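Student: I would like a close look at a single part of this model. Please take it in one connected answer.

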Amino acid sequence: MSGSVVGRTMWQHIRSGEAPTVERITAASGAEAAVLGGRHAATLQQHWAAEVLGGGPLQPLLERQDITDVLVNGPGEVWIDRGHGLERAPIDLGDADAVRRLAVRLAALAGRRLDDASPWVDGQLPGGVRLHAVLPPLVDGGAHLSLRIPRTVGADLYQLCAAGFTDDVGHGVLRRLIERKVAFVITGGTGSGKTTLLSALLGAVPARERVLVVEDVRELSVDHPHVVRLEGRPSNVEGVGEVSLTALVRQALRMRPDRVVVGEVRGAEVRELLSALNTGHEGGCGTLHANSPADVLARFEALGALAGMSPSAVRSQLASAVRVVVHVHREAAGRRLAEIGVVGWHEGELQVQTALRWSNHGSAVVSREAEGFEALNAVLGQVL
């Protein structure tokens, strides 16, 4: 009975737009101490701390080190990713109403509102888990949640390569990109390891440099002594208050950056990023969704169109802004470096020329394209 009282108290906070906190749980459960006794009240407090401040039935999955994603497709369907593809998890979340309550509560923990007037949310939970949730009728069968679990401690470049991400050649190229302050983008599909690689590369940036990181939702885990983070903000239910990545990139350029990093280039902010990389901000980088390096130019053109840029303007700026494309791939054995290409003009057309390509089954270089390899050597300032 008292547990229900505490639960109702917490839901009153959530419905009023107040995020549940340890202090509020302590106050609510402490009020029952006279009835339950101190020991039972403490047990009740622990239960509600896990139930209200944690992931509820999903919490055991969120605490596992081998899981990177937890996906909920309405009631009765929970999937996890442990690096080898999606698999079902035997978790009972209850009926559709219970799943909706879980989604609403997690949104409140992220400082976001999720209801019929605002039926989707993107935010970050305490501890760094990235949350995306959508409510019916935008999605069928109940509330859907996507939870991306960050690494507690990001692997550095040596650890990442030692774990089989790439060979000595790939390691040398990646480290040289940072040392030479070469502007680059990391491409790949969803879950291919773009963020993991970018985090490791930023950890290799010299300590004397100031790194400005711009993200829609915080995902990068960077082990560097001088990182300044700017994070976007969605509009409220009245449609005001949005802080876009475009605005944040502009602010970052005024904050004396040595390197400007856009966690994921996916909109009109591409204009500001290209402009920055063309006006003396060396070593800028970011990630981009693309199926192959050859698709990068088309992706940049599409994003540039969102900023009102013509294809020719995008290509002109891109040619002098971004020098290298690092493509990563996900396979059954894990995430690996797949290809490195160089952006440049070839016979009057802007292209991404392949320099190095790795096998799909291991971490050894399987081909070196002569023209692209020579261009990569020129960019890196050394012979590989």
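Student: At the start of α7, which backbone nitrogen does a side-chain oxygen of Asp156 reach to within 3.1 Å of?

Tutor: That of Tyr158. The model is predicted, so local features need pLDDT of at least 70 and side-chain atom pairs pLDDT 80 or more, while totals for chains, interfaces and linings use all residues. Residues are numbered from 1 along each chain, and side-chain values use heavy atoms, without hydrogens or water.

Helix α7 covers residues 157-165, helices being DSSP runs (H or I) of at least four residues and strands (E) of at least two. Leu157, Leu160, Cys161, Gly164 and Phe165 are buried in α7, meaning under 20% relative accessible area with a 1.4 Å probe. Because these buried residues fall within an arc of 105 degrees seen down the axis of α7, they line one face of the helix; the arc is taken from the axis-to-C-beta directions. An α-helix has 3.6 residues a turn, so residues three or four places apart point the same way. Tyr158, Ala162 and Ala163, on the other side of α7, are exposed (over 50%).

Elsewhere, Phe184, Val185, Leu273, Leu277, Gly284, Cys285, Gly286, Phe300 and Val322 line the largest cavity, a set of 1 Å grid points where a 1.4 Å probe fits but cannot get out, with lining atoms within 4 Å of a point. Two or more of its lining residues come from each of β7 (184-188), α11 (269-277) and β11 (285-289).

Technical notes
1 Å grid on protein atoms, 1.4 Å probe; cavity = no way out; pocket = protein on both sides within 12 Å on 5 of 7 lines; lining within 4 Å. Polar contact = N/O pair within 3.5 Å; in protein donor to acceptor, adjacent residues only side chain to side chain.
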